[in-house]
Amino acid sequence: MSMINFRFCAPTRYIFGVDAQLGVGEAIASLGKRRVLLHYGGQSAQKSGLLGEVTGKLKEAGLDVVELGGVQPNPRDTLIDEGIAICRERDVDFILAVGGGSVIDSAKAIAIGVPYEGDFWDFYTGQAAPSAALPVGVVLTLPATGSEGSSRSVVTKEEGLLKRRCASDLIRPAIAWLNPTLTYTLPPYQTACGATDILSHVIERYFTPTEGVSLTDRLCEAVMLDVIQNAPIALAQPTDYDARANLMWAGTLAHNDVVGLGRMGDWGSHSIEHELSALYDVAHGAGLAVILPAWMRYQLDCDVMRFAQFAVRVWGCEMDFRNPKRTAIEGIDRMEAWFRSIGMPTTFAEIGAKEEDIPLLASKVDMDDAKGLGFFRPLSRKDIEAVYRLACNRDRDVC
């Protein structure tokens with residue numbers, strides 16, 4: 001399979017740099033908007049003064065502000081329903097998310113739910129496709145999911161703890177304000193989870209059945225190398241502007257589709273991890289650090305040379321031409337060691353996951369049983385169980 005035909009439109013306007021968020025009111029007012037839903041998570045945005053600063057700039061521009069806080073990690077459908085009702089009642093015409101991926105994904109769900117007569121969850125189960133949406137803006141505080149520029153949203157339905165995604169160009173944010181200094185006070189664990197999430201978005205695109213995509217291979221490798229270099233710096237020196245700035249922009253590039261154009265991504269690891277974060281409420285990045293090495297070891301024989309290329313170009317391994325599989329395994333080992341070096345878990349036990357829950361986890365993964373999960377090498381539910389079992393301990397044998 002050679003490079004795939006594609007159409008690409010990335011309408012998000014990015015405003016990047018120190019104090020970028022100070023222009024939020026003027027920019028939204030210039031779009032002819034009148035009433036903004038200010039959507040955010042817990043108390044950190046309030047305590048830091050960011051929420052008050054943003055609110056002040058919105059009001060200075062003559063905009064009415066309606067607030068809705070309380071977004072949790074792995075955002076819930078109940079708060080989204082509340083947001084939809086508020087927007088309809090108050091005639092909101094713009095949604096501004098202040099926070100990270102969970103807040104942005106919640107805002108996107110509200111945006112497509114407001115003009116829809118049915119249950120917004122229909123968009124996340126594939127029963128309906130969005131045809132209209134309120135515009136969304138983002139003041140980003142946590143580089144991780146890339147939701148500030150992506151066409152995707154992932155939310156959780158409390159009943160049954162189902163975590164599902166929606167993809168539509170209608171939910172790409174209209175404007176994203178990216179100020180790296182807002183990330184200086186992030187806890188180390190959140191910084192590490194974010195870096196892992198960024199890396200995973202590129203890995204999902206890198207492991208592809210598509211051939212003849214050398215340009216996007218190199219783009220993927222550049223983003224991955226940047227994350228690998230800058231995450232430890234940001235952890236050791238939280239106010240290092242260059243490290244924070246490069247991580248922030250890497251997060252956007254990893255998931256606004258630029259590095260995945262013309263190639264088929266896999267996305268199996270994400271679906272497998274979603275059930276961990278839904279059941280155990282673990283951070284998505286932490287769950288991915290557990291699942292990715294296990295997935296790679298399970299899939300290794302599908303395309304040993306691609307794994308060896310990953311090992312050499314991304315992790316600096318020396319190519320063993322007589323035994324490429326040895327090189328490939330070394331690359332996976334180095335990736336796993338890097339996860340541990342930045343404080344990420346790499347086993348079920350470290351995130352509170354239980355081996356006895358594996359059949360339940362596998363049964364809940366959102367997939368077409370006839371086609372299998374993922375595109376690199378589609379997995380059956382038995383395969384998925386095997387990946388989960390490989391994630392249960394560090395002493396893994398390659399399947």
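The model is predicted. A search of the whole structure finds 25 salt bridges.

**Salt bridges across the chain**
- Arg152 and Asp257 form a salt bridge, at 3.1 Å from N to O. Arg152 sits in strand 6 (residues 152–157), and Asp257 in the loop between helix 9 (241–255) and helix 10 (268–280). The two are 105 residues apart. Asp257 is buried because its relative accessibility is 13%, under the 20% cut-off.
- Asp366 pairs with Arg164 in a salt bridge of 3.8 Å, N to O. Asp366 lies in the loop between helix 14 (358–364) and helix 15 (381–390), and Arg164 in strand 7 (residues 162–167), so the bridge ties parts 202 residues apart in sequence. Arg164 is buried at 11% relative accessible area, whereas Asp366 is partly exposed at 43%.
- Arg297 and Asp333 form a salt bridge, with their closest N and O atoms 2.8 Å apart. Arg297 belongs to helix 11 (residues 284–299) and Asp333 to helix 13 (residues 324–341), so this pair ties together parts 36 residues apart in sequence. Arg297 is buried at 5% relative accessibility; Asp333 is partly exposed at 36%.
- Shared partners join Arg152, Asp169, Arg172, Arg205 and Asp257 into one salt-bridge network.

**Helix packing**
- Helix 4 (residues 77–90) packs against helix 5 (residues 101–113) at about 50 degrees, with the axes 9 Å apart. That angle makes helix 4 oblique to helix 5. The crossing is right-handed.

**Surface patch**
- Met3, Phe6 and Phe8 make a nonpolar surface patch of about 290 Å². Met3 lies in the segment before strand 1 (13–16). Met3 is partly exposed, at 44% relative accessibility.

Definitions and conventions: Residues numbered from 1 in each chain as written. Predicted model: local features only at pLDDT ≥ 70, side-chain atom pairs only at ≥ 80, totals over all residues. Heavy atoms only, no water. Patch = residues over 30% accessible without salt bridge, like charges linked within 9 Å, V, L, I, M, F, W, Y side chains within 5 Å. Areas by Shrake-Rupley, 256 points an atom, 1.4 Å probe, with all protein chains shown as cover. Salt bridge = Lys/Arg side-chain N within 4 Å of Asp/Glu carboxyl O. Helix = DSSP H or I, 4+ residues; strand = E, 2+ residues; numbered from the N terminus. Buried < 20%, exposed > 50% of the residue type's maximum accessible area, 1.4 Å probe, protein only. Axes fitted to C-alpha atoms, helices over the stretch in contact; angles between N-to-C directions. Parallel < 35°, antiparallel > 145°, perpendicular 65-115°, else oblique. Left-handed = near helix turned anticlockwise from the far one by under 90°.
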